[in-house]
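Q: I am new to this structure and would like to learn how its features are read. Could we go through them step by step?

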Amino acid sequence: MTPTFDLSELLDALDPQADLAHRHLWLIDLLRWIRGNRDSVPRALARVRLLLDTLQQRPDARAKLQSWWQVLLSTVDATALLADYGFSSRSAFVSELADRLRLKWLPGTPETADASALFALVLCDAFDAQWINALDDATLTRLSELLHVSCQDINEGNCAWVPQVNQSNVSPWQATLLEALTFCTSQIRAAGFSPELRLRMNVPARETAPFHALDDDIVALQVAYLASPHVDSPARQHALQQYLSRLEACRQAAASVYTHLDSNGISVNLVFQLRQLRERVLRVRALLDCLLAANPQASTARLLAQLVTVGQARRSLRALISANSSMLAAKVAERSSETGEHYLTRTVPEYRAMLRQAAGGGALTAVTTWMKFGVMALGLSAFWSGFWSGTAYALSFVMIQLLHCTLATKQPAMTAPAMAAKLKNLDEPGALDAFADKVTSLVRSQVAAVLGNVLLVFPVVLLISAALQLALGQPMIDAKQADYVLHSLSLLGPTALFAAFTGVLLFASSIIAGWVENWFVLHRLDSAMRYNPKITGVLGVARAQAWSAFTRDNISGFASNISLGFMLGLIPAFASFFGLGLDVRHVTLSAGQLAAACATLGWDVLRQPALWWCVAAIPVIGALNLGVSFFMALRLAMRAHNVTGVDRARVREAIWQRWRQAPLSFFWPTAEILPAPDPLKD
């Protein structure tokens, strides 16, 4: 909205003796006038120059503005703005989330002596960062001359801590910068001393103890600066270099935490603290530029523009979650990729082993199908039917894991992170060919797994149904249920949509698996199980070690299988409660249900078109289960690994070239293939 006042009205309304709230409201109005419609940076700059020209022509207004500025400096503490604006006052992610909700929902007041709160009201638009960054040197110099005040001009505020002998040489702005540097340094030092970071740093970082001497270095720099604030003396240069080198050592010590994430795990709070420390180091460098740079006005403008940007991000919940969960997502993806490497088949023995494992998984899923229909026969309510179906699924999937069998749809979400890592450096020699190898191995492995699952689940379900017919006089399901299965699995219905949704659940189970494994490692539960006196007292040393190793090796699979089982069972029940009509379609389970329907309806089912629509739906269900889960896992892994700018045309061409060169390799392991040339790179 365009301001309804002009510059003359603004200057006439300026009153240095007004109360606190009205003095600040005048500043808010002034910035609204400069901002205008937020549609043109040149227009905003023209208004700034118009303000300076008008003040030059009106000495009375210029004197009132300078008096107003002195009152502002004496009543508002700008140190917290420079040192802490944009940073959390707490070290916990959840506390920061609550603070952002408060800032987002509760209005601020201009009746405040907190410069941070006032800054958020005055420079409250992202457009402000644009026009502040665009200020030229001449305009910045004129603004600096207009607002220049010495410490002797004010009796309180940010100059109070400066020694009296130096106050004639130091401006309030320089005094504020020095104090802000002290605050930032103290926060960096406190972060380095926090147990969560200190205990995870590498041994050299702890031995050199860079955080211990950081306070002495900033004091030495301040003393050297106050001794000669306008002279680039050797003492000041020495103190500056000492402080910067110590600051860099602190940054590297904190960065060493990242090298131990595989063995120690990671948490959102840990990432939050590391990011806060890194951003404070950058803030210190920006403050030093404002204090010591050859053109401090330009550095100050950049800092103010940065604070505007930080203020916008400070209110964003999405920015907080995205920034602090990316590293956690990366570690979850890496843990999934370690598991996913075991699902890729490269040789004939590995391929045959995959077929055997998938066949075992298909046979066990036939038992799961029987258990599922048994739960349905009990006639329970929707929730309890879903709960016990989920329990049956979870037990079956865990049994498949413990017997070292394979469920085909679990593989893509695990293998995607391993493939994303291959996309990071496509320009390296052989990178495209290596990625094509990964794709070929993945497709080949999925073909083997799906075939093994489906080709075994069907006959085993028929055998179970026949055994039930002989033993109990009735098959696995009755004719009414069989007709319902043919209707629900038909390709003509919403089967494809449900299959894609199941792919989302498969992806979610892989994320849960990576998160649980990371949590297990983060809290060192394997070590606790191995060495805790209470546990070893109950189990014995040898058994405790065995259970520790077993749990560490299988915790990811347990989390994935149990979560997937309960999601497949409970989500349709919850969707039904809300009237969504959402269901799941898992390729192996669907093939087992179709087999049960065929066993009930007998040979006559072959004459029904509904059967063949269901048969046609099975590969579609498999493709969507695999494709959706793989796509989502690949996208997450690429974001977590910061994989950007991938030349998709080159990737597609490399895969197509592999298909033309050796199509059989996508279905059966073949001899080693020579790297294909990259036609788009030449």
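A: Let us begin with what counts as a helix: helices are DSSP runs of H or I with at least four residues, numbered from the N terminus. In this predicted model, L178 lies in one such run, helix α10, which covers residues 172-193.

Q: Is L178 buried or exposed?

A: A residue counts as buried when its relative accessible area is under 20%. L178 has a relative accessible area of 2%, and so it is buried.

Q: What does the chain as a whole look like in terms of secondary structure and burial?

A: The chain comes to 30 helices and zero strands, and buried residues make up 48% of its 682 residues. Among contacts with a separation of 6 or more, 80% are between residues 24 or more positions apart.

Q: How are two packed helices described?

A: They are described by the angle between their axes and the distance between the axes. Here, helix α3 (residues 41-57) and helix α8 (residues 126-133) pack at an angle of about 65°, with their axes 9 Å apart. That angle makes α3 roughly perpendicular to α8, and the crossing of the two is right-handed.

Q: Which residues make the contact of α3 with α8?

A: On the α3 side they are V41, A44, L45 and V48, and on the α8 side F127, Q130 and W131. Sorted by class, this contact has six nonpolar residues, one polar residue and no charged ones.

Q: At what angle do α2 and α3 pack?

A: Helix α2 (residues 20-35) packs with α3 at an angle of about 130°, their axes being 7 Å apart, and the two helices are therefore oblique to each other. The contact is made by L30, W33, I34 and R35 of α2 together with A44, R47, V48, L50 and L51 of α3. Its residues divide into seven nonpolar, no polar and two charged.

Q: What is the mean pLDDT of the chain, and where does pLDDT stay under 50?

A: The mean pLDDT of the chain is 83, and 84% of its residues reach 70 or more. Over residues 161-165 pLDDT stays under 50, and the model has eight contacts for them beyond four places in sequence. Over residues 672-682 pLDDT likewise stays under 50, and for this stretch the model has 18 contacts beyond four places in sequence.

Notes
Residues numbered from 1 in each chain as written. Predicted model: local features only at pLDDT ≥ 70, side-chain atom pairs only at ≥ 80, totals over all residues. Heavy atoms only, no water. Axes fitted to C-alpha atoms, helices over the stretch in contact; angles between N-to-C directions. Parallel < 35°, antiparallel > 145°, perpendicular 65-115°, else oblique. Left-handed = near helix turned anticlockwise from the far one by under 90°. Contact = heavy atoms within 4.5 Å. Nonpolar A, V, L, I, M, F, W, Y, C, P; charged D, E, K, R; others polar. pLDDT = per-residue confidence, 0-100. Buried < 20%, exposed > 50% of the residue type's maximum accessible area, 1.4 Å probe, protein only.
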